[in-house]
Structures are given as C-alpha cells and as structure tokens.
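Welcome! Let us take a walk through this structure together, one stop at a time.

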Amino acid sequence: MPFPGGLWWLLCCRRGFTLLRRDYGEAEREADGEAEEEEEASFELRAHGDQGSLEVSLSQPTRSSSGSERSLLVAEEMRSLIVDKGPGPVEDEPDALVKGWLQREMRGCMKTPWIRPRKYWFVLTPDSLDYYSSNEKGARRLGSLVLTSLCSVLWPDKQLYKETGYWSVTVFGRKHCYRLYTEHLNEAVRWVCAVQKVIDSKAPVQTPTQLLMRDVEEHRDSPEVLEQIYRCNPILRYTSGPLYAPLLPFPYGSLDQSAPGPRSYTTLRDEAVKLFNSLQQLESERDPVPLMQGVLQTCLDLPPLVDEIYCQLVKQTTEPPAPGGQGDLHYWQLLTCMSCTFLPSPPVLRFLRFHLDRTENRFPASEMAKYACFIREALGKTKGRECVPSLEEILVLMQRQEMICTVHCPGAPACSVAISSHTTAEEVAQELVSRLGLSQSPNLFALYEQSRRREQPVGSATLLADVLTRFENLAGEDREQDPPCRLCFKHYGFLDTDNVPRDSLEFALLFEQAHEMVLRGYVPTSEETLQTLAALRLQSLNSDFSTHAPFPRLEELFPPRVLHARLPPLPHRPPKCRGARLRAGLLAGGLWGQALAKQRAERDQRLRGRLREEGASTMAAIVEKWKLLQGMGRPEAMAAYVALVREWPGFGSTLFDVDLQASPVGAGPQRLWLGIGAKAVSLYKPGEPEPLDSFCYGRISSFGASDSSTFRLSVEDRDLLFETSQVDEIAQLLKTYLASAGAQRLPRPQEPPTSAPTLEPTVLPQGLCPAPSPWPPVGSSHS
C-alpha cells in the first residue's frame, strides 16, 4: 500500500534534504549557530538585563607570564579562545595533527534508528577540532570546536557499541559537544588520545576571581590598594542579581551519573550557578536549616564545588547592604557549617582567612566577628566528613555551641557527653573510661552502634557527628524501627576476666555482655543450664520471687533460637521441573492458589500456637528455678551467672559467623564460629562447646583481607579462607590483641593488595596486613 502524499513528504523533508548522506540545510545552520555562540563571553558576572560583561580592573596593569603558568585576562581570554574560522572555503591546514572521516551525531540521530549519523571530514589542529563537508581541497568548513584546558573527551563506550555498532568519541567544549562515531576501535582510541594531548598542552585558564584573589594576597599589607581592588571589582562584593557563570573554572562536560547518591546533577558549571541561586534564597528563608543541609549535601556529592561555594559565601558576606542583618547572618551560619564539614584548597583557604581577618577588623565585637573567630578555629580542626551535618548539628552550629550526645552503658545509667563536629569516638571513649573509673582495667573498651538488627564497633577515628547523622537518616527511612539506633559503651576485648572485682562497674558491664552472648546463642550449653541462667537473670533484676514482680519477655531471658529449634522442620520439597513450575504459576491465581494460601496460613497458625506452648512451658520451668534462689542477693546472682557462662572454654572470645571456604574439593562452604581471643584463634561448630581447632598466635604466619568479603588466615603451611561481612572487624581485633598483649612473635608480613594503604610502623604492629578501615579500640594505660 503506497504512503499518503503528506506522510511521504514528512519523511523526506527534515529541515533540509538528505542526499547521499550529506545534509545541506541543517549543517549550514548549525555551523552558523556555533560561530555565533562561540563568541559569547566565558567567565563573566552580568548585571541584570545587561548582556555585556563587567569590567575587571586589576591592581597590576600588566603581568609577566611564561610557559604553562601564564593566566588569561577576560578580554585576552576571549581573543585567544575565538579563532577566526568562519564558514567558508579554506586551504589545507599545515598544522593538522589528525585527519579522517568520522560520523557525527546530529540532534539526537543515534536515538533515531532509521536516520544514520552523517559523515564528515574532521581535522584536529593544535587549537581546534574542525569538520568539513569533504576531504577535497577548498571544501567548506562546517564547524569548529575551540580546545582549551577546560575541554574534556570521553573514551569509547563498550555498551554503546553493543547497542549501535559504533565506537563513540565525545568532545565537550564550552558551548558545544561533538559526539563522533566510528566503526573501528583503534581509530576511536587514536582520536581520543590526540584530542586529550591537545587539551593537556593548553595553558590553564584562570577566572577574574582567581586573579583578584592573587592580587588580594599580594597586597594584603597595603590597605589603600586593597580598598581600590574591592571598589573597582564588583565581582568581589555582594550582589543581589543572579550569577550567570561560576566564579572558578570548571571543566566542560556532563557529570558521571553513576556516582553514589539519590540526586541527579547536570554539569558542574550549571550546578555552581544553581547553588548561588540557593544561597540568595537564604536571605529571606524563615527556616534556613533544610536549605543549608541541601547545599552541604551537594558539596559532599560534588567535591569540586566546595571551593566555589566558599568563594560565593565570601563574596556575599563582603560589603553586604545590611551588615549583621538576618540575611547576612544566614550567610555566616552556612559558612560556619561549611568550615566544620569541608576544607577548601590552599588558595581559597588563604583568601578565606584574609576575609575573616578583614571582617573582624572592620566589625569588632559583632556577631559577624564572632562567627569569623569560630570559623577560624574550626578550619584548624576539620579533616573531612563522611556525612553532612544533621539538622540538629546545623541548629547547634548556628548558635556556635556544642551538641549533647547520649551514650548508653549496660548495667549503668546513660551518660551525656558534650561533643563538637570534630570529636572522635576515641575521645569520647577515653572520657567515659575516666568518668566511670575504668582506667586501671586491663580490658579494652569501645563505642558501639546498636540497633535492632546489628551491632558494630565505631572506629576510633570516626567522627561522632557523622554517626549521629547516620542515625538521623536511618530514623527517616525506617520510622517504625524499634528500638532506634543508639550509641553504647561496652567491652571491646577481654584480656583478664578473672580478676574483675564483683562490686565494680566493670563487672556489671561484664555481666550484661555475657547475657547478650547467651541470648544470641553464642554460649553452647544445655537447655537446663540456659533455664538456670534465666532464673539468675530474674533474681538479679527483681530479687526474690513475687507474683507482683514485673516479668520481662521470654526472648529477654532465654535464647529464642532454642525454642524455634523444637518446632518440626518444614517438609522438604524436591525442585520442580520447568513444566511443573509453569503449571503451578498458571494455577496460582485461581482457586488452587487460594487453597495453597489457606494451607500456608493454617500451618503458620499451628506453628505459632506450638511456639506459644513451648514458651509457656519454658517460662514455667524458669519460674520454678527462680523460686529456688530465695534469699540470693543481686551481686551473688550476677556472680553465679558469670561463673556459669565462664565454664564454656570460649568465654572471653569474640565470635563471628563465617563460612569456611577452604573445604575439600567438591564440598560446599561450612558454617562456623570464628572465635578471636586474647591468646588464640579458635574454630567452633555452631552449638558445640569444644573447638574444632585452635591456633595460638605463634602459629599464625599472616592474616588479612583478600577482598571485601573474604578473610584469609595463614596458619603454618595452610591457608584458611572465610567468607564474612565482618572482615574489617576480625582483622582489627586480631591486631588489637597482638598490640595489647605485646606478642613476642608477630605474624610474618603478607603481601598487601596494591590498592591497600601503606601502614605506619608506629600505628600498627609490624608485619600485619592493613585493614581498609581502622578500628583501634580505647583501652587503659596498660594497653
């Protein structure tokens, strides 16, 4: 059936006729548009409604420069960037570096499968990338992309080749992006390397802000010259108008959207302009905290913007219309949060310190001067953050105060500790060790992150402000989480559990930690002993038996996994063939599926009823044993509890669930407990009291992380590989015991991965494999 006339005309007419893969109409229009856009200014601060750039007056009328260190002024930069290459016939380029046929994407033609990209003759010169209609002498130049140090080029994408059959070469310029395609990988690589070499040979482009920052630094001791610089250059002062270009140079090109984070960004230049608009909104915001946190999050996601935001904040706090007003103080408060989160580069840091000194001298004893003093002190302590400040921390920083952190101690009241944005977990643990009178204990202590699902130690160098931010984020994601995340102060390693005084706070900590091990099923013993332990726990909580005494839940006294082990196992069904699975899937939505769902509901109800019966019988047995403890005091009950737990040879070791990979050929992974103690490393079969094997530290030749989920332990002539999610904790605990006990024979060094950092001998014992994240605990003066 022939096409209707109108449809045939629409398919053939596409802003010019495509004949023999040459587009005469669109190519000329695109070339004209490129020539016009390339003449626009690159770095400028435009006044509202004015298309011309502001004049930038420097204190030095001329500046000597040579080699790659030369810097371009605004007018000189424009003249050097714009090459006089208008459309028209040209002769052969004598300085051409690379020539060849490439296909260029025209307005999204790669997204339109029935329109092929157009083929052009490309010529790379030391200054630009030009393309022509053909390779004949005198052919018409259709476009030119000026190459500067800010241009960028992307390597060929294998995924795109699989989808389209073309290898791509993408070159980003100030206003244009050339997406070029070829069918040969070696040709694409040749063009990418040549373009990158030209970009690398270009002198760095500096913006007027950078040049003026250097002038301010050179004349900081000349007040008259400085005042003239600020008076003649509005780009250094507060502005109420929008910013049309960033203050600092950023490379052209799109961002890597695969970067972590839920937010999507455009180019760095566009994001810098958007952030300036956000800063101006701070002046009129009644609640600026969420907006401040959003700016900080953008800087965390895009680290190159940190210097830009510092420069924008310095600009907006320089000679504002109402010094000390609400809008001005909002800028200073955001600058305070920035100083506690990010450290700028040295040139921006020097300019920022000069701005703080100038503000204190011009407005002494003002709120601005107080913020300036606080920021100066914070910059001396800031080393970088993993998370942006929480909403609570931002509110505290706006008042230049400290936060109050609550740390829970098992068997003792919670402790409130004043912390700043720079306080580490080690500093808080040391303070608690001193406050709780544990300085003479030989055992090791640390802070832990606790939640309903997991518990892990906090690294000694970790900032507690980052931990509190994570808690805030988790609370926002899981509002039904019960109990919430919290910080807890506990034993980290046991070096001596026999000589802990029974009337001391440390013994209460030891008792609570032993009870946690029992509830998690990490104390393999008989069910009779577990019921006795539960009775002793009740005696320590409520003293003698009474019908009016509060009863904790059974899962707070007895290991839940023991009750679940009594239930009959689910029937094992052999795997179905493909046809059976298909028939089951077809029947699942009908009456047969409803019958299956009803059977499952009835089976779950029977299991829950059976579990309640088992729980009631277990609780009755525990209460009978509790009645036999009449007259036993709380200290005696705690001591008896710890004595029963200590009967297990592995008491005092930290247990990790691991899968042993070094099994015989053909066997699968074996689930084990890896016990890390002060004297040896032991392997236990879950639920078995005796270890399968035990290795003293003298037999261990090396250990470390093979990858993020595999821990390697080399014992004499064999290697053991353990699959675990706690590789870092295992490695650091081994190092801690060796360092604390002063092992006479340290494990021999193992060749670390090439990506692992080099260890300093003064930090960790020599010969240990480095862990990706350090977890050194806080101990007493003995450790």
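**Charged pairs and nonpolar cores**

Let us begin with Arg718, which is partly exposed, with a relative accessible area of 37%. Keep in mind that the model you are looking at is predicted. The side chain of Arg718 meets that of Asp693 in a salt bridge, 2.8 Å from N to O. Asp693 belongs to strand E18 (residues 693-696) and Arg718 to strand E21 (residues 718-723), so this pair ties together parts that are 25 residues apart in sequence. Asp693 is partly exposed too, at 25% relative accessible area.

A search of the whole structure finds 31 salt bridges. Another one joins Glu516 and Lys490, whose closest N and O atoms are 2.9 Å apart. Because Glu516 sits in helix H17 (residues 505-519) and Lys490 in strand E14 (residues 486-493), the pair links parts 26 residues apart in sequence. Here Lys490 is buried, with a relative accessible area of 3%, while Glu516 is partly exposed, at 22%.

Next, find Arg358, which forms a salt bridge with Glu319 at 3.6 Å between the closest N and O atoms. Arg358 is in helix H12 (residues 346-362), and Glu319 is in the loop between helix H10 (305-316) and helix H11 (326-339), so parts 39 residues apart in sequence are tied together. Both residues also belong to a network of salt bridges with Glu227, Arg237 and Arg362.

Finally, turn to the nonpolar residues. The largest nonpolar core has 58 residues, and Leu334 and Met338 touch the most other members. Apart from it lies another core of 38 residues, including Ala549 and Val623.

Key:
Residues numbered from 1 in each chain as written. Predicted model: local features only at pLDDT ≥ 70, side-chain atom pairs only at ≥ 80, totals over all residues. Heavy atoms only, no water. Core = buried A, V, L, I, M, F, W, Y, C linked by side-chain atoms within 4.5 Å. Buried < 20%, exposed > 50% of the residue type's maximum accessible area, 1.4 Å probe, protein only. Salt bridge = Lys/Arg side-chain N within 4 Å of Asp/Glu carboxyl O. Helix = DSSP H or I, 4+ residues; strand = E, 2+ residues; numbered from the N terminus.
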